Every structure is written in C-alpha cells, then in structure tokens.
Amino acid sequence: MTSHQGLPVIDADAARFRSFTETHTPVVIRGLFDTTELSSIRTLDSVRARLGEAVVNVKGNVLERYVGALDPKENFSWSKILSRTRATTIGKYLDEIEQNQKNGQVASEQPAPQEILEMIGASEFLSAIEAGQLASGHKHGSLPKASCLVFLATQGNATDTHTDWDGRHVINYQVFGRKRFLLFPPGSGPKLSPVEIFSTVRLRGMSERSLKDFLQYAGGVEAVLEPGDAIYMPPFYFHHVEYLEHAMGVALRFAPPPERVVASMFRCHRDLWVQNVWARIVHDPESPESQEALAAFESAIAASYGSRVEKYRAILALARSYCERWGVFGEDPSVAWLSSSDFLEHVLSVRYVKREVSPNASWGETFWHAKERTRLAVEMFGRRVISFLQQV
Ligand SMILES: [Fe+2]
C-alpha cells in the first residue's frame, strides 16, 4: 500500500486525473497499467525473465559524477566522463546487483526498450492525456507529444533534488521495488537554494525527523510508491527520488508546451526566477498574461547587449519583475536576500555566449550547446572553489 503525506490518491480515471494536471497538483495514481501487460511484471525476477535482453546504458549518479569530475587530483577530461557510461542489458545489470549489493551505478533516464512500449500498449487513459503514441527516450521539444524513459537502480541510490526543464507533465510508474518521491512546487525555490536546476540542500542521508521538518518548512509532499503505483509530477516541480529497495520505474513525459514557449525556454539561463516564470506560462500558455510575458521574454532574448553578463542581468531582472508582479513567492522574506543568481552571474550567464551554431540550427542542437557550456562553466567554477579551499 502506498504511503503518502499530503498527497491525494486516485484511481486511473482520465477525467478525474485531468483536474490534477489542470491545477498542477501532484497526485498518486493507483492501477494505472492494471489492464496492460506491464502490470504483470512486479518483481525483479519477472523483469529479468521478460526484459532481460533489453539494452540500457549504465552510469554513476549524476551529481556524484560531476562532483567527482571536479576533483583537481583527477585529470579532467570529457572523454573520461563520457566513458563512465557503458551499455549493458537489464539482465546483466541485475546479475551485477546480485553479485555486488552496493552497485552504485544506475540505469537512469534510459530510453524505454521497445519491449516496454509494447507491454504498455494503448489505453483510454493514455489516449486521453495524448500519450497514446509513446516515443522512446528524452525529448525536449514539443514533439513527440509523449515520451517514455526507464529508471533502474539499486537500494540506497537517489536522484538528488532538481527540477527538469522541458515543461512537460510527468507520470512515474513503479514496476518493481519501492521508491520514495519528495516533490516541491517551483515556488519553494528560495527554501531549496538552487544553483542552476540543482538544490543545494542535500536530502539524501537526512534523518527521517529532519526530512519531515524540512518538507513542512519548504512546502513539500512525500509518497512511497509500491509496484503498480504511479505519481504525477507537474511541470517544473523540484523532485528528489530515493531507491528504498532495488527498483525500476517507467516515466511518461507528456503534454509539452507549445513550440513557441519551448524555443524561448531553452534560450534563457536557469535559476529559480526564470523557472517560476516558465512554470506560470506553461500552466496556461494562451492566457493574456502568459502571452504578454512570453512576448517580453522573446524581445529580451532577441535584443543585443554589450556582453553576456548584461544579457543575463536583463533577463534576470525581467524574471524577477514577473515573479514579483504575479506574487510567486508571496511574502517570503528569504527572496529579499541574495540568491545564487546574484553571485553566480559570470557562471550562469555562459548560457548567453554568442552561439556558434547556425541560427537555423534545430533547438535540439542549440540546447546541447547551451547545456554543455553551462555545465562546463559550473564545473570550472567548482574547480576554482575547491582549489581555493585547499589553499586555506
Ligand atoms: Fe528529473
């Protein structure tokens, strides 16, 4: 039985579910795939039997991988980071788990193998949320309408608190094992002190008591999913996911924002202010207030600036003005204080380095360049902090 704090639980009824997607409210869904073949695999052994041959890429925990790359004693190289990813099959990965209970590697955010898409098949519920045609893998644009990913990891692993940046709605379905989800609305940003999309509050390893207190403080909700359960996560929600047991889940990412919104969303830097503007716009892209804000961001993005830092400051000021106008953070006094956006401007503004990619490049290409530049800049910043601390 699912345990959940502050979260409603519903059966897989599309009309009922729509009231949650419309209001961007998290909810636990029971029996989502009960009428499909996927519901027949709910144990590690049945996954091995049915999906053992499916190919997945295995890698280290994302945060640990990047923090590890910051170690100045290691010779930094991109190829080294990339080679830490290796292809295997679900069956072989499960064998490794049995031989080595402390397997720290995860098969996270993997394109769903064809076998899983076939097991999910079609259903009235999926058609109603425009997820009748599932594509495999992570899609950042407005097409395809729905995509499917697999998450497989060992007990003790976690995906540390962060927000996604594609504006899609997400359903996470639990195949086998138990997983804990902690969700925070975008407005909780100041309490999570994020840098870029990652919270700097480490929830992994926190005592149960502190975790409960923190959830209450930051307005978060919690659910522990059992096999067969699913949880709905609205766009731009912060999420922290813990593997309480060896576990596998399937994520459906659906209802992307319109192409015009997606295009601008990927051309802005990422911080809690900008996140909250996009969260509001994707909630109702056609409303006059969203259209007005979108047009303002489009002109700010297209304007010319003396430097990338100037562009960053202009877009940050715009995002702050909308957050204030919309009362996103209410009377929260912590937002009057400095956020990482104020002291990381040289790092975060790297997103506005003049693009070398052609203006006709697909947004996917643009996204890749921007993402890699920001990541590199954050890493260089981290390396400088580490070498500074070593000298103190
Ligand atoms: Fe995520």
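**Structural briefing**

Y322 has a relative accessible area of 3% and therefore counts as buried. The model discussed here is a predicted one. The protein contains 16 helices and 17 strands, and buried residues account for 53% of its 392 residues. Of the contacts between residues at least 6 apart in sequence, 80% join residues at least 24 apart.

**Aromatic pairs**

- Y322 forms a ring pair with F297; the two centres are 6.1 Å apart and the planes stand at 45°, so the pair is tilted.
- F297 belongs to helix α12 (residues 288–302) and Y322 to helix α13 (residues 308–325), so this pair ties together parts that are 25 residues apart in sequence.
- F297 has a relative accessible area of 0% and is therefore buried.
- In total, the count of aromatic pairs comes to 11.
- One of the pairs is edge-to-face: W165 and F236, at 5.3 Å centre to centre and with 90° between the planes.
- W165 lies in the loop between β9 and β10, and F236 in the loop between β15 and β16, so their pair ties together parts that are 71 residues apart in sequence.
- Both W165 and F236 are buried.
- Ring pairs also link F17, F125, Y232 and F254 into a cluster.
- A further ring interaction involves a charge: the charged end of K191 sits over the ring of Y217, 5.0 Å from the ring centre.

**Iron site**

- The iron ion has three protein donors, H162 (NE2), D164 (OD) and H239 (NE2), which lie 2.2 Å from it.
- Along the chain, the donors follow the spacing H-x1-D-x74-H.
- H162 is placed in strand β9 (residues 158–163) and H239 in strand β16 (residues 238–243), so the two histidines tie together parts that are 77 residues apart in sequence.
- H162 and H239 are both buried.

- Helix α1 spans residues 14–22, and its buried residues are A14, F17, F20 and T21.
- These residues lie on the same side of α1 because they cover an arc of only 110° around the axis.
- An α-helix has 3.6 residues a turn, so residues three or four places apart point the same way.
- A15 and E22 are exposed on the other side of α1.
- The elements covering the buried residues of α1 include strands β2 (9–11), β3 (27–30), β10 (169–176), β15 (229–233) and β17 (247–254), together with helix α7 (124–128).
- Just after α1, H24 adopts a positive phi of about 50°.

**Nonpolar cores**

- In soluble globular proteins, nonpolar side chains tend to be buried together.
- The largest nonpolar core of this model comprises 64 residues, and those with the most contacts inside it are F17, I120 and I171.
- Strand β8 (residues 146–153) supplies the largest share of this core, seven residues.
- Beyond its neighbours within four places in sequence, I171 is in contact with F17, I29, L32, F125, I129, A230, I231, V250, A251, L252 and F254.
- Another core, of 35 residues, lies apart from the largest one, and F236, V261, A319 and V328 are among its members.
- F236 is also the residue that pairs edge-to-face with W165.

**Positive phi in loops**

- E196, although not a glycine, has a positive phi of about 60°.
- The loop that holds E196 runs between β12 (194–195) and β13 (198–199).
- With a relative accessibility of 13%, which is under the 20% limit, E196 counts as buried.
- A255 is likewise not a glycine and has a positive phi of about 50°.
- A255 is located in the loop between β17 and α10 (259–265).
- Its relative accessibility of 34% makes A255 partly exposed.

Technical notes. Residues numbered from 1 in each chain as written. Predicted model: local features only at pLDDT ≥ 70, side-chain atom pairs only at ≥ 80, totals over all residues. Heavy atoms only, no water. Buried < 20%, exposed > 50% of the residue type's maximum accessible area, 1.4 Å probe, protein only. Helix = DSSP H or I, 4+ residues; strand = E, 2+ residues; numbered from the N terminus. Arc of directions from axis to C-beta. Contact = heavy atoms within 4.5 Å. Donors = N, O, S within 2.8 Å, 3.2 Å for Na, K, Ca; no water. Phe/Tyr/Trp six-rings, centres within 6.5 Å; stacked < 30°, edge-to-face > 60°. Lys NZ or Arg CZ within 6 Å of the ring centre and 35° of its normal. Core = buried A, V, L, I, M, F, W, Y, C linked by side-chain atoms within 4.5 Å.
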